Amino acid sequence: MFSERLKRLSPYVPGEQPRDRRYLKLNTNENPYPPSPTIREVLRNFDPETLRLYPDPLFTDLREMIGKRFEIDPAQVFVGNGSDEVLSLAFFSFFDTNRGPLLFPEHTYSFYPVYCDFYGIGCIKIPLARDFSLNPDGFLNVETSCGIVFANPNAPTGMFLEVGEIRRLLESYLPDSVVIVDEAYIDFGAESALPLVKEFPNLLIIRTFSKGMSLAGLRLGYAMGSRELIDALYRAKDSFNSYPVDTLSLLIGVAAMQDEAYYKEVTERIIATRERLSRDLQRSGWRVLPSRANFVFASREGIPGKEVYRRLKEKGILVRYFDIEGIRDFVRITIGT
Ligand code: PMP
């Protein structure tokens, strides 16, 4: 019954969402605080009759709001059903194996190789430095490639690449190959590469409402880049699903974007907790990578990540470990309250 295409896939495995008991859930980088209180108002005033009609396929209001917030032309904004979908459409639109493999760091968001599989894109994983930092030279030293993607801050390390280094990468890289910077975790105190969009038409920034905006259950993500890149994403979207984002999500997205003050406060609390947790773990003998995200990546000599995960789970605390060479010793702990 199955296509050859399907048989070749090896799907992404999301962090577990067990239902057997109540856990302190620190395994999928969700935000521990509720989303903006204004969303309750939006829901209360929502007329279900609105749902009779299809949603706006151009996401006009939300794109205008995003444009206003980040001082960018709404024509340079694309919206999708979670940033995973935006990433998927971007992989489809920009990366062609006949121009070479796609480059991404050895340890990064583990969905990237899955999309490569899905679209038949070859890839090369570029090793991180010993301290898990990312050096753009690793990308630049590869002779041929069809594009680059990395998360900044990176996952699961939480480590941040300075915007100056991203500029250096773009200045030296092929101007007609796309560089995707996945800024899923940008809200937690890191500097965005967004200003570079003005100078580099091959730069695409992808973001999500799931982490900083506390709306992982809503499924809303967006991309910002040159008009050419954004038009290409619409072309791909309109060949796949005209209405990936529903009317309610669009309304809630606008309300969330408007409430900058609330999210600033929540983000500051998460950053303060991250710094305290990092310090306390280090004081009790853990190695903690410097994080600019809403999680920390930590290891303790002599205890494999899997064992830490198992013992914490027994105590009702969920964290994530990766059974992958090079990061097996670590666990990724989402910042809670
Ligand atoms: N990028 C990175 C680096 C992530 O960690 C995640 C969360 N799993 C995503 C993108 C996808 O987020 P969402 O689809 O919820 O927007």
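User: Which helix and which strand each supply at least two residues of the lining of the largest cavity?
Analyst: This is a predicted model, in which local features need pLDDT of at least 70 and side-chain atom pairs count only at pLDDT 80 or more, while totals for chains, interfaces and linings use all residues. Residues are numbered from 1 along each chain as its sequence is written, and side-chain values use heavy atoms, without hydrogens and water. A cavity is a set of points on a 1 Å grid over the protein atoms alone where a 1.4 Å probe fits but cannot get out, and its lining residues have an atom within 4 Å of a point. Helices (H or I, at least four residues) and strands (E, at least two) are DSSP runs numbered from the N terminus, and the two elements asked for are helix H3 (60–70) and strand E7 (203–208).

User: How much space lies in the largest cavity?
Analyst: Grid points are joined across faces, edges and corners, and a volume is the space filled by probe spheres set on them. The structure holds one cavity of 30 Å³ or more. The space in the largest cavity is about 80 Å³.

User: How far is a polar side-chain atom of Thr 208 from an oxygen atom of the ligand?
Analyst: The distance from its polar side-chain atom to the ligand oxygen is 2.5 Å.

How values were computed: A polar contact is a pair of N or O atoms within 3.5 Å; within protein, one must be able to donate a hydrogen and the other to accept it, and residues adjacent in sequence count only if both atoms are side-chain atoms. On a 1 Å grid over the protein atoms alone, a cavity is a set of points where a 1.4 Å probe fits but cannot get out, and a pocket is an open set with protein on both sides within 12 Å along at least five of seven lines; lining residues have an atom within 4 Å of a point.
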